[in-house]
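Please look through the following model together with its sequence, keeping both in view as the description moves from one part to the next.

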Amino acid sequence: MEAPTLAMLLMGPAPQGGEAAPGWVQLVPFALMAVVFYFLLIAPERRRRKQMSEMLAGLKNGDRVITSGGIHGRVVGLTDQIIQLRIAEGVKIEVSRSAVATKLAD
C-alpha cells in the first residue's frame with residue numbers, strides 16, 4: 001500500500017453511498033447571492049435614480065445648479081428636455097435637463 005498524498009488527506013474519506021442532497025439545497029447559495037446583490041447594488045441605485053428624477057422634475061426658475069460638466073449657473077428657462085442657465089451676467093446657455101448633476105441650496 002502506498003503512502004497517502006497531501007491531496008488525498010485533504011479530500012477526506014471517500015463517500016460511502018449515502019443519499020445526495022436534494023436539488024433545491026444546491027440553489028440556496030445562489031439565492032443568497034442574489035439577495036445580497038439586490039441589497040448592495042440594485043436597491044441603492046434605484047433609490048438614487050428616483051431621487052435624481054425627482055430633483056430634475058422639481059427644478060424651477062431661479063434654482064442654482066451644477067451640470068455634469070462642472071458648469072455652475074442659475075435656471076432662467078425650462079422646457080421638457082432643455083434648461084436655460086445663466087452662467088454670467090448676459091451669458092445664457094442651453095443644456096439638456098439630464099446634464100444637471102446637482103441642485104445647490106440657496
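Which residue takes a positive phi in the hairpin of β3 and β4? In that hairpin, which has 2 residues between the strands, Gly 90 takes a positive phi near 80 degrees. This is a predicted model, in which local features need pLDDT of at least 70 and side-chain atom pairs count only at pLDDT 80 or more, while totals for chains, interfaces and linings use all residues. Residues are numbered from 1 along each chain as its sequence is written, and side-chain values use heavy atoms, with hydrogens and water left out.

The mean pLDDT of the protein chain (the predictor's confidence in each residue, from 0 to 100) is 87, and 82% of its residues reach 70 or more. Among the elements, helix α1 (residues 6-11) has the lowest mean pLDDT, 64, whereas strand β1 (residues 64-67) has the highest, 97. The secondary structure comes to 2 helices and 5 strands, where helices (H or I, at least four residues) and strands (E, at least two) are DSSP runs numbered from the N terminus. Along the sequence these elements follow the pattern α-α-β-β-β-β-β.

β1 and strand β2 (residues 72-78) pair in the antiparallel sense over 3 bridges, with His 72 in β2 as the bridge partner of Ile 66. Their hairpin has 4 residues between the strands, and there Gly 70 takes a positive phi near 95 degrees. From β2 the chain passes into β3 through a hairpin with 3 residues between the two strands; 4 bridges join this antiparallel pair, and Arg 74 stands opposite Arg 86 in β3. Strand β3 (residues 82-88) is in turn joined by 6 bridges to strand β4 (residues 91-96), again running antiparallel, and Leu 85 has Ile 93 in β4 as its bridge partner.

A search of the whole structure finds 3 salt bridges, each being a side-chain nitrogen of Lys or Arg within 4 Å of a carboxyl oxygen of Asp or Glu. Lys 60, Asp 63 and Lys 103 are linked in a network of such bridges. The side chains of Lys 60 and Asp 63 meet at 3.3 Å, N to O, and in the bridge between Lys 103 and Asp 63 the closest N and O atoms are 3.6 Å apart. The latter pair links distant parts of the chain, since Lys 103 lies in strand β5 (residues 100-104) and Asp 63 in the loop between α2 and β1, 40 residues apart. Asp 63 is buried, with a relative accessible area of 5%, whereas Lys 60 counts as partly exposed at 46%; buried means under 20% relative accessible area, exposed over 50%, and partly exposed in between (1.4 Å probe, protein chains only).

Val 35, Val 36, Phe 37, Tyr 38, Phe 39, Leu 40, Leu 41 and Ile 42 make a nonpolar surface patch of about 770 Å². Patches are made of residues with over 30% relative accessible area and no salt bridge, like charges being joined within 9 Å and nonpolar side chains (Val, Leu, Ile, Met, Phe, Trp, Tyr) within 5 Å.

How values were computed:
Areas by Shrake-Rupley, 256 points an atom, 1.4 Å probe, with all protein chains shown as cover. Pairing = 2+ DSSP bridges.
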